[in-house]
Amino acid sequence: MTKSIRKICCIGAGYVGGPTMAVFADKCHNLDVNVVDIDSEKIKNWNEDDLSKLPIYEPGLKEIIKRRRGINLHFSTDIKKNISSADMIFISVNTPTKKSGIGAGQASDLRWIEASSRQILEYAKGHTFVVEKSTLPVRTAETIKSILTCKKNNKKTFTILSNPEFLSEGNAIDDLNNPDRVLIGGQNEDDTKYLVEIYLNWIKREKIITTNLWSSELSKLVANAFLAQRVSSINSISALCEVTGAQIKDVSRAIGMDSRLGEKFLNAGPGFGGSCFKKDILNLVYISRHLGLYEVAEYWGKVIEINNWQQKRIFQTIVSKLFHTVSDKKIAILGFAFKANTNDTRETPALNICKWLIEEGAILNIYDPKVTSDQINNELIKVNISIRNKQKWNYKNNILDCAKETDAIIILTEWDEFRFINWSQISKVMREPSWLFDTRSISNLSKAKECGINVWTVGKNDI
Ligand code: UDX
């Protein structure tokens, strides 16, 4: 089969689909790239003239949109038209963890994958490459294949590929421009070569790995599981540091200099968040248990347990330091995103900590440089903190307003502006005795202390 790829369609204009396709369009001017979504509001925002209103905030993204949108990058709700004219279709829809039914709380909900596959079957023409881009349980390609080949004597033919995305939010454009590796899974070299050719426009051949479909699907789950495991490992040691004289930063540095371990992903904090880590480990746990590998399932399940425990113990420490009660106390929350440089709040550790504090009777002032009040409200509603509780939390537009009349400040996201807080100014607007709880270990603690603020940070007890 020979086919040249000219027209691409990506189903799903989210955190992966949007930036990935923007970079494809930027790097391959001969490709016509079309991103489609059923969510018309999202598409409208991608087409906004005012680039600060794009649905996703990623450094470098708006510059690409400005360069390529309307030229070889298009955002549309016309799924039918774009599928039928595409040579290659990326499926980049969301696959949340199932809330009910078989595998509830662990397995991924594949309804959007199935719906996309059915649309492809209906509208595609001739031979079409179908690429799984969403992170999926192992052997999902088989589901896609079963749907695409269900019609007898169908003149349409399909090649199925897996091309997991390893981009990390806040660094998406850089990760897409200079990835550590690109992974393409397919049945054979003939199948994978068309996608390899696209990547060769900006990535060296030795960085492009081709494997079979299942290895590709599993590698993505395992990469995220290993990264999350590192976070849980260092967080478990942070607790040990707090009850001994050791300091987590020194431990991280000392072990990170071992070239076998490496220095990345050794920052203790309030636990991992984001759309992938928890979901992917839950998938791994589910698959392992399903296949009778109970010890494997239990092993990976512990990574999530430690993550929940870290959030709980930070919350309990805060309550205990504030004389064992936060009832009617005002507390400033600095940061709601799951990490810095993103407006994403999925699985953010801030959510549990805020929920528990509100349930204990605290009144929260919340400030995040990129997360809106509506977004925080939507997240809190999901954990049963209803709009009726609005008086239990207020949205603030800057650090100073957020700190006013509070008993404590809790830093939950490592935004740069929280590193350089003017403690002398802040200490004057807080109620005494005032506290700083720095769950990210980014503040100048001795400065805060000098200004009369009591301080606590993760993984250190001698401050
Ligand atoms: C992750 C993977 O890195 C990426 O390859 C995959 O495609 C998607 O999932 P992302 O969710 O964007 O990316 O965030 P990442 O930067 O990996 O951080 C994940 C979480 O771990 C964050 O909550 C972060 O704060 C936390 N973390 C990370 C730590 O607590 N300590 C660290 O040292 C590193």
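So, polar contacts between domain 1 and domain 2: the rule finds two residue pairs across that interface, both at pLDDT 80 or more. A polar contact here is a pair of N or O atoms within 3.5 Å; within protein, one has to be able to donate a hydrogen and the other to accept it, and residues adjacent in sequence count only if both atoms are side-chain atoms. By class, the domain 1 side touching domain 2 has seven nonpolar, seven polar and two charged residues, with Gly put among the polar ones and Ala, Val, Leu, Ile, Met, Phe, Trp, Tyr, Cys and Pro as nonpolar, Asp, Glu, Lys and Arg as charged.

Quick caveat: this is a predicted model, where local features need pLDDT of at least 70 and side-chain atom pairs 80 or more, while totals for chains, interfaces and linings use all residues. Numbering runs from 1 along each chain as its sequence is written, and side-chain values use heavy atoms, with hydrogens and water left out.

Back to the interface. About 990 Å² is buried between domain 1 and domain 2, and carbon and sulfur atoms give 54% of that; buried area means accessible area (1.4 Å probe) that two parts lose on being put together, summed over both. Thr97, Gln106 and Thr135 supply 47% of what domain 1 buries against domain 2, more than any other three residues.

Okay, the ligand. Which residues are closest to the ligand? Phe166, Glu169, Asn267, Gly273 and Lys339, out of 19 that surround it (a heavy atom within 4 Å). A polar backbone atom of Glu169 sits 2.6 Å from a ligand oxygen, and a backbone N or O of Phe166 is 2.7 Å from one.
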